[in-house]
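Here are my notes on this one, kept brief. Have the structure open while you go through them.

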Amino acid sequence: EKRHVWESSVYDAMQKEAFYFVGHRICIREATDSFGALVWPGALALCHYLENNQQQVNLMDKAVLEIGAGTGLLSVVVSLLAWVTATDLPDILPNLSFNLIRNTQGRSRHTPQVKALTWGRHHPRDFPQSTRRYDYVLAADVVYPHGDLDGLLDTMCHFCPPGGDTTLLWANKRFQSDMRFTERFQRTFHATLLAEFPQQEVRIYKATAKE
Ligand SMILES: C[S@@+](CC[C@H](N)C(=O)[O-])C[C@H]1O[C@@H](n2cnc3c(N)ncnc32)[C@H](O)[C@@H]1O
């Protein structure tokens, strides 16, 4: 396989995993050096949920933002139908871009975008919302002991503002640390439990902003 100039050498020790969603084989390059370099159970659960519930969550030609996209599996699956912007910390973007490009070229309805987005308070200039209001914000396994749960909630609020039509889908594996976050999440948004995968200990919440 041709090596791209922007590839980090750490991915020389990479693994490739194949997944099957919506009739497509999706090949994801993983590494072991960071949280964002592995496919997490939350992403898998949300891919399964979206594949099997296309009537409830109609993604056709919708504008979708993924935060903490990691390897990009979820963004790949969603961009088969929707306009996707996949975001994560700057260090994660080379592998995220690699996986998105290799799995969406000639397949997806809309070419996905990749952008740096660090959670916290956002200046509108950095991520102009006026030009793109998202129909869906996706977040898979973004709640774990990373020390910036306040920033994460700020980001969720920023992209799901009151008066907007944005729906947030948050899938997370159970961690001790997510209990308090879940309470805050439920106080902040109109949140409903959409699905539960007991074996994988993953829950998927659907949320919209409170007025
Ligand atoms: C546990 S991984 C989940 C990755 C992917 N969503 C999945 O489910 O496979 C958490 C992701 O959040 C990203 N992340 C952690 N802290 C962040 C921050 N402060 N701002 C933006 N992204 C962050 C990590 O880089 C990583 O990709």
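Which residues are closest to the ligand, and how many surround it?

1. Before the answer, the ground rules. This is a predicted model, where local features need pLDDT of at least 70 and side-chain atom pairs count only at pLDDT 80 or more, while totals for chains, interfaces and linings use all residues. Numbering starts from 1 along each chain as its sequence is written, and side-chain values use heavy atoms, with hydrogens and water left out.

2. The ligand is surrounded by 19 residues, and the closest are Trp-40, Gly-68, Asp-88, Trp-119 and Ala-140 (a residue is near if one of its heavy atoms lies within 4 Å). This shell splits into 12 nonpolar, 4 polar and 3 charged residues; Ala, Val, Leu, Ile, Met, Phe, Trp, Tyr, Cys and Pro count as nonpolar, Asp, Glu, Lys and Arg as charged, and the others, Gly among them, as polar.

3. Now the N and O atoms. A polar side-chain atom of Asp-88 is 2.5 Å from a ligand oxygen. Gly-68 places a backbone N or O atom 2.7 Å from a ligand nitrogen, and a polar backbone atom of Trp-119 lies 3.0 Å from a nitrogen of the ligand. The protein buries 95% of the 590 Å² that the ligand exposes when taken alone (Shrake-Rupley method, 1.4 Å probe).

4. Have a look at two backbone angles too. Val-22, not a glycine, has a positive phi of about 45 degrees, and Glu-201 has one near 55 degrees. Val-22 is partly exposed at 36% relative accessible area, and so is Glu-201 at 43% (partly exposed falls between buried, under 20%, and exposed, over 50%, with a 1.4 Å probe and protein chains only).

Key:
Polar contact = N/O pair within 3.5 Å; in protein donor to acceptor, adjacent residues only side chain to side chain.
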